[in-house]
Protein chains: 2
Amino acid sequence: MSLATAMSDVASDIDRRLDHFLTVPDDPRGDLYRAMRHAAIGGGKRLRPLLVFATARLFAVDRDCAGRVATAIECIHVYSLIHDDLPAMDNDDMRRGKPTVHKVYGEATAILAGDCLHALAFEILSDPLTHADPFVRSELVLDLARAAGPTGMAGGQALDLEAEKSSFDLPTVTRLQAMKTGALIACSVEAGAILGKVPPEGRTGLRGYARDVGLAFQIVDDILDVEGDEAAVGKALRKDGEAGKETFLSLLGLDRARAQAEMLVDQAIEHLQHFGAEADLLREIARFTLERDR
Amino acid sequence: MSLATAMSDVASDIDRRLDHFLTVPDDPRGDLYRAMRHAAIGGGKRLRPLLVFATARLFAVDRDCAGRVATAIECIHVYSLIHDDLPAMDNDDMRRGKPTVHKVYGEATAILAGDCLHALAFEILSDPLTHADPFVRSELVLDLARAAGPTGMAGGQALDLEAEKSSFDLPTVTRLQAMKTGALIACSVEAGAILGKVPPEGRTGLRGYARDVGLAFQIVDDILDVEGDEAAVGKALRKDGEAGKETFLSLLGLDRARAQAEMLVDQAIEHLQHFGAEADLLREIARFTLERDR
């Protein structure tokens with residue numbers, strides 16, 4: 001299966017599942033649900049769901065299980081985008097080529113829509129429909145909660161708020177990004193292995209893959225932020241520079257940043273050496289992080 | 001054990017646990033953790049943790065398990081207070097007798113502190129330290145996620161936002177409050193039974209108790225909002241009336257509202273008829289919801 005086909009299959013699968021979970025109720029919560037749908041359905045690269053599916057197939061995991069877990073992780077990602085875009089945070093008007101949730105539904109509904117997607121993620125994961133084995137469900141929840149919380153994504157966003165005030169060095173920017181975007185990417189890769197009942201000691205290669213892909217992805221994000229086209233990326237660019245934030249690009253320069261991303265992708269693929277052709281999709285995803293224009 | 005002793009024991013237990021979970025790290029996330037500590041430690045009635053402990057003792061549940069679950073549920077409650085107090089939501093300056101989180105740490109950190117406590121709740125519940133049986137952990141997560149999300153607390157808050165624009169009738173206000181405050185109170189009571197491995201069909205009485213106590217609690221909240229003393233309650237009062245929101249008090253009048261709360265408390269105690277003296281703490285908590293001044 002080509003990467004393009006896999007991406008479009010995953011995108012339809014996730015949209016269909018979100019459409020089901022976010023059916024608008026016939027009561028005054030309509031705007032809350034419409035706000036969640038606006039942010040969650042029909043947009044984005046769905047990189048995290050794709051990673052869940054690509055790892056799950058290594059271990060012959062049931063596709064419906066993988067789809068539910070992928071949807072839960074995407075709910076966390078989308079909630080974080082809604083909250084990060086708020087006026088008090090990054091104050092963004094555009095996201096995925098559309099106005100941000102608070103621009104359409106107001107700040108209060110945007111905050112609540114994020115909170116609801118956050119809770120919904122854990123509801124989906126802990127539902128027996130996601131996996132018959134409660135140990136698997138419980139491990140998925142623990143992994144995702146850590147990836148989302150103060151030692152993961154939200155902690156990384158807190159570091160990012162400080163980045164405007166301080167002048168972070170390369171190790172600090174690396175740690176910030178490993179938390180802010182890396183933790184959820186790592187969780188997506190690991191989730192496929194948890195579903196496949198691979199014990200933690202059998203996940204070392206996949207963990208290394210996820211760490212390197214996550215970092216490469218962020219370096220390219222920083223490059224796109226400076227070199228990219230706003231229409232293609234679908235959001236306002238060049239904000240980090242204006243805010244005086246250090247990024248991989250500002251610290252390394254364009255040539256070294258690109259070389260570093262390429263090296264990380266090679267290294268990520270190297271971590272998959274014990275897998276055969278069944279890991280080709282993971283290899284293609286790694287290469288895609290370099291080639292993408294959005 | 002008297003209610004006063006139980007309340008003060010639970011308050012110290014929860015404070016001690018939160019102090020441990022929220023140890024301030026030696027990095028730029030200091031403000032994030034200080035914001036969480038400001039909101040979470042040393043305040044509040046700890047009604048939800050008290051309900052977890054009071055139900056857990058019916059089934060001889062290990063006290064440390066109950067304490068961890070109680071802390072997780074309180075994390076959800078505190079996160080909801082932080083987000084509800086934000087300028088875009090209820091715009092409150094005081095909470096539990098202190099300035100609200102966003103007044104001290106700014107809006108961005110307040111949003112993130114709420115998000116972190118939200119994730120932390122699920123991290124605590126799904127940790128094997130909370131209960132050796134993964135089925136119990138997974139059921140606790142599912143119950144709490146539903147109580148927190150769009151069909152529970154956050155959904156109730158969305159209805160509450162609409163309450164300023166519409167003129168809700170008694171059934172709608174009852175449903176709003178059953179979601180906004182009732183769902184998490186019910187989850188606290190049910191958690192004790194889940195820890196005690198009581199099957200769902202054995203929890204009917206406790207569910208009835210929780211529903212009635214939750215509603216009585218909210219009616220008294222509405223009465224305190226009009227009759228209460230701001231210094232004792234620790235937050236700004238009389239805001240619902242100013243916003244033109246219908247409440248139990250505005251719809252029923254003071255005498256009928258108070259009579260309704262008393263009837264609900266009698267009914268809540270009636271639901272405990274199959275329990276002996278071991279349920280006396282739950283009975284006292286029900287009566288306390290009427291007598292409290294904060």
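Which residue of chain A forms a salt bridge with B:R146? The partner is A:E123, with the closest N and O atoms 3.6 Å apart. A salt bridge here is a side-chain nitrogen of Lys or Arg within 4 Å of a carboxyl oxygen of Asp or Glu.

This is a predicted model, in which local features need pLDDT of at least 70 and side-chain atom pairs count only at pLDDT 80 or more, while totals for chains, interfaces and linings use all residues. Residues are numbered from 1 along each chain as its sequence is written, chains are lettered from A in the order in which they are written, and side-chain values use heavy atoms, with hydrogens and water left out.

**Interface between chain B and chain A**

- The contact (heavy atoms within 4.5 Å) takes 47 residues from chain B and 47 residues from chain A.
- About 4000 Å² is buried between the two chains, and carbon and sulfur atoms give 70% of that area. Buried area is the accessible area (1.4 Å probe) that two parts lose on being put together, summed over both.
- Six salt bridges are counted between chain B and chain A.
- There are also 11 residue pairs in polar contact between these chains, both residues at pLDDT 80 or more. A polar contact is a pair of N or O atoms within 3.5 Å; within protein, one must be able to donate a hydrogen and the other to accept it, and residues adjacent in sequence count only if both atoms are side-chain atoms.
- On chain B, the elements that give two or more residues to the side touching chain A are α2 (30-40), α4 (63-85), α6 (107-126), α7 (134-148), α8 (153-163) and α9 (170-195). Helices (H or I, at least four residues) and strands (E, at least two) are DSSP runs, numbered from the N terminus.
- The largest share of that side, 12 residues, comes from α6(B).
- By class, the side of chain B that touches chain A has 28 nonpolar, nine polar and 10 charged residues. Ala, Val, Leu, Ile, Met, Phe, Trp, Tyr, Cys and Pro count as nonpolar, Asp, Glu, Lys and Arg as charged, and the others, Gly among them, as polar.

**Symmetry**

- Chain B superposes on chain A by a rotation of 180° with 0.0 Å of shift along its axis, at RMSD 0.0 Å.
- The same surface serves both copies: 100% of the contact residues of chain B recur in chain A.

**Salt bridges**

- Over all chains, a search of the whole structure finds 52 salt bridges.
- B:R96 pairs with B:E74, the closest N and O atoms being 3.2 Å apart. This pair links distant parts of the chain, 22 residues apart: B:R96 is in the loop between β1 (94-95) and β2 (98-99) of chain B, and B:E74 is in helix α4 of chain B.
- B:E74 is buried at 1% relative accessibility, while B:R96 is partly exposed at 22%. Buried means under 20% relative accessible area, exposed over 50%, partly exposed in between (1.4 Å probe, protein chains only).
- B:D160 and B:K245 meet in a salt bridge at 3.3 Å, N to O. B:D160 lies in helix α8 of chain B and B:K245 in the loop between α12 (239-242) and α13 (248-252), so the pair ties together parts 85 residues apart in sequence.
- B:D160 is buried at 8% relative accessible area, and B:K245 is buried at 10%.
- B:K245 also forms a salt bridge with B:D240 (3.8 Å, N to O). B:D240 is partly exposed, at 22%.
- Shared partners join A:D13, A:R16, A:R17 and A:D64 into one salt-bridge network.

**Helix α2 of chain A**

- Eight of the 11 residues of α2(A) (residues 30-40) are buried, so the helix is largely enclosed by the rest of the structure.
- Among the buried residues are A:Y33, A:M36 and A:H38.
- Their cover includes α1 (3-21), α4, β2 (98-99), α5 (101-105) and α6 (107-126) of chain A, together with α8 of chain B.
- Just after α2(A), A:G42 takes a positive phi of about 75°.

- A:N91 has a positive phi near 50°. A:N91 is found in the loop between α4 (63-85) and β1 (94-95) of chain A, and is partly exposed at 44% relative accessible area.
- B:K197 has a positive phi near 55°. B:K197 lies in the loop between α9 and α10 (204-227) of chain B, and counts as exposed at 51% relative accessibility.

Definitions and conventions
Copies are superposed by least squares on the C-alpha atoms of residues with pLDDT of at least 70 in both.
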